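Trainee: I would like to go through this model and ask what stands behind each term.
Mentor: Go ahead.

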Amino acid sequence: MFRSIKMRNLFLAPFCVWAGIFIFVPLVCIIYYGLTDMSGNFTFDNLAIISHREYYSSLQLSIILALVTTIVCLLLAYPLCLILVDKAKSVGTIIILLFVLPLWMNTLLSTMAWQTIFERDGILNQVLRLLSLPDMTLINTPTAVVIGMIYNYLPYMVLPLYVALSKIDKSIFEAARDLGANSWQTFSKVTLPLSLPGAISGITMVFIPSLTTFAISALLGGSKLLLIGNVIEQEFTVEYDWHLGSALSIILMIFIIINMVITLVFDKSTKEDEN
Amino acid sequence: MKKELIRIENVVKTFGNLKVLDEIDLTIHENEFMTLLGPSGCGKTTLLRIIGGFEMPDSGKIIFNGKDITNVPPNKRPINTVFQKYSLFSHMNVEENIAFGPKISGKSSDYIRDKISYALKLVNLEGYEKHNVTKLSGGQQQRIAIARAIVNEPKVLLLDEPLSALDLKLRRNMRQELVRINRETGITFIFVTHDQEEALSMSDTIVVMNQGYIQQVGTPENVYNEPENAFVADFIGDSNIIDGVIVRDKLVKILGREYDCVDTGFPPESPVDVQIRPEDITLDEPQEDALNGVVTRVVFWGVFYDITVSAGGFEWLIQSIHRREVGEKVSLHLDPENIQIMMKPQSEDEAKLKE
């Protein structure tokens with residue numbers, strides 16, 4: 001496309017500058033702060049803070065809620081996509097578009113909307129009272145946070161799954177039926193393995209933002225329910241302890257990297273099968 | 001004649017307002033190589049899918065070995081299919097693809113291993129067990145698809161235009177291979193194609209279809225030499241199809257001239273379609289008492305020339321190994337046994353067939 005390598009490098013320059021300023025420099029800063037103390041000496045003490053109960057339990061809660069969110073998203077998205085790929089292309093695309101609609105709205109706005117639903121005198125409880133049913137206190141509970149995350153991140157599961165499933169040629173399913181497989185065998189031996197790459201990218205795209213969220217948990221979880229994202233935010237904006245905040249960020253990054261390595265390994269093994 | 005295996009009774013299938021199959025009756029025998037031949041949209045693939053169980057007929061029955069299997073799902077039929085796009089499982093290697101069917105039916109691993117090597121040997125791909133199916137060529141994928149179907153020991157193998165994606169040389173090769181596999185395994189083959197050459201060179205029986213109707217059932221020689229109507233004559237091979245009128249038995253009037261023929265039994269004065277194969281017409285110097293014309297077009301095909309001659313108000317197609325020049329005056333000569341007389345369609349339904 002570009003006439004020479006020089007020309008191509010010229011076009012690449014803005015991206016390199018971008019990546020340098022907004023990715024590389026902050027990363028170096030975080031590592032520097034995370035591995036030094038107030039006087040600038042190298043130390044691992046900041047990282048060791050994770051063994052403290054309060055930090056450790058926030059991380060644990062974050063991982064649990066992220067896992068629950070990811071699993072629920074997967075369980076919601078898979079049957080939906082299975083049904084939609086069977087429908088006419090136009091119908092499927094319209095319904096997928098509806099599911100992706102939350103993406104077009106600001107996360108903060110939609111989470112605030114959930115807040116007004118879940119509040120003590122919010123829409124949910126008003127409706128329940130109208131029906132003379134007991135109140136439900138959802139605000140400031142892990143359930144509220146998980147619902148908020150599912151609402152915001154479900155599209156990231158639906159899209160890759162739908163793409164993966166719609167790429168499978170229909171005659172593959174007929175071939176499985178033809179060779180004696182019943183509906184369940186066709187699903188478990190053919191549909192599921194062929195859609196695995198889509199499921200894996202969906203899992204990654206839901207798990208990582210769920211693990212790192214702080215806005216959703218701040219709005220729906222209140223001040224008592226602290227996820228690791230909220231703790232890091234507090235270290236930077238309330239405690240002004242950049243060293244500790246950076247150290248916790250490094251720990252979080254390690255978890256994300258572990259997650260990505262696992263999915264990469266999975267993805268590789270399915271891709272090798274494909275090729 | 002061999003034992004009857006499948007009987008299709010009065011099968012009707014419509015998609016929306018379109019009647020795809022109209023009261024189809026057909027009998028398929030054991031170890032027969034049957035070809036469903038017709039232009040696209042003639043209903044041949046739908047008929048194949050009904051036999052396979054992938055479509056349900058609106059009415060009518062499929063009888064297999066004396067049992068009605070119309071409502072039996074595809075996974076319960078002793079029938080396997082080779083799909084047009086091969087439809088191999090891309091997440092499995094060659095061995096796993098072939099083992100799919102036997103594993104589902106719970107065969108032992110020793111049995112499966114033996115079967116895989118037998119099937120691969122049958123399709124000339126020994127030693128390909130661990131190969132990745134997506135890395136194979138089209139022809140090899142085709143062979144794996146056949147092996148994967150045959151390993152289940154079906155009574156019937158359905159093949160849906162399996163050669164259409166292959167190049168010419170490979171296609172010729174695969175034709176012979178398919179006939180050999182048909183003979184070696186004793187499996188009945190039902191083969192769908194729109195390629196008349198394929199049908200003629202491979203089949204025991206050809207079923208010519210058009211617009212949801214069966215036009216003719218017969219051996220390749222039969223449908224080529226004695227087509228029952230103008231559609232069959234036109235679809236299989238090249239033909240000159242001319243309006244004619246029967247004078248009496250063994251005499252027909254074409255383009256104002258009377259010709260001896262061999263057909264009898266048509267009522268005098270009845271309008272007929274007359275078919276003459278281009279290779280059955282001989283060209284000579286212009287003669288006083290013959291049908292004379294002028295060469296208007298010459299196309300070289302390698303083995304022969306396609307020569308178009310305008311004579312008696314009709315454009316004749318003639319195939320000859322001798323070259324003629326455009327503008328040359330010639331006379332056309334026909335042998336009585338090469339003049340094929342066919343009844344004109346009478347009802348509207350039949351007229352539709354001719355389109």
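Trainee: How many residues does the contact take from chain A and from chain B?
Mentor: The contact takes 19 residues from chain A and 20 residues from chain B. Two residues are in contact if their C-beta atoms, placed from the backbone, lie within 7 Å. This is a predicted model, in which local features need pLDDT of at least 70, side-chain atom pairs count only at pLDDT 80 or more, and totals for chains, interfaces and linings use all residues. Residues are numbered from 1 along each chain as its sequence is written, while chains are lettered from A and ligands numbered from 1 in the order in which they are written.

Trainee: Why are H3(A) and H11(A) called oblique to each other?
Mentor: The axes of H3 (residues 53-86) and H11 (residues 228-237) of chain A come within 8 Å and cross at roughly 135°. Axes are lines fitted to C-alpha atoms, for helices over the stretch in contact, and angles run from 0 to 180 degrees between N-to-C directions. Angles under 35 degrees count as roughly parallel, over 145 as roughly antiparallel, 65 to 115 as roughly perpendicular and the rest as oblique. H3(A) and H11(A) are therefore oblique.

Trainee: Which residues meet there?
Mentor: A:Tyr55, A:Ser58, A:Leu59 and A:Ser62 of H3(A) meet A:Ile228, A:Gly229 and A:Val231 of H11(A). The residues of this contact comprise 4 nonpolar, 3 polar and no charged.

Trainee: How many helices and strands does chain A have?
Mentor: Chain A has 12 helices and 0 strands, whereas chain B has 9 helices and 20 strands.

Trainee: What percentage of chain A counts as buried?
Mentor: Of its 275 residues, 32% are buried, that is, 20 or more other C-beta atoms, placed from the backbone, lie within 10 Å of the residue's own. In chain B, 40% of the 355 residues count as buried.

Notes
Helices (H or I, at least four residues) and strands (E, at least two) are DSSP runs, numbered from the N terminus. A residue is buried if 20 or more other C-beta atoms lie within 10 Å of its own, exposed if 12 or fewer, and partly exposed in between; C-beta atoms are placed from the backbone. Ala, Val, Leu, Ile, Met, Phe, Trp, Tyr, Cys and Pro count as nonpolar, Asp, Glu, Lys and Arg as charged, and the others, Gly among them, as polar.
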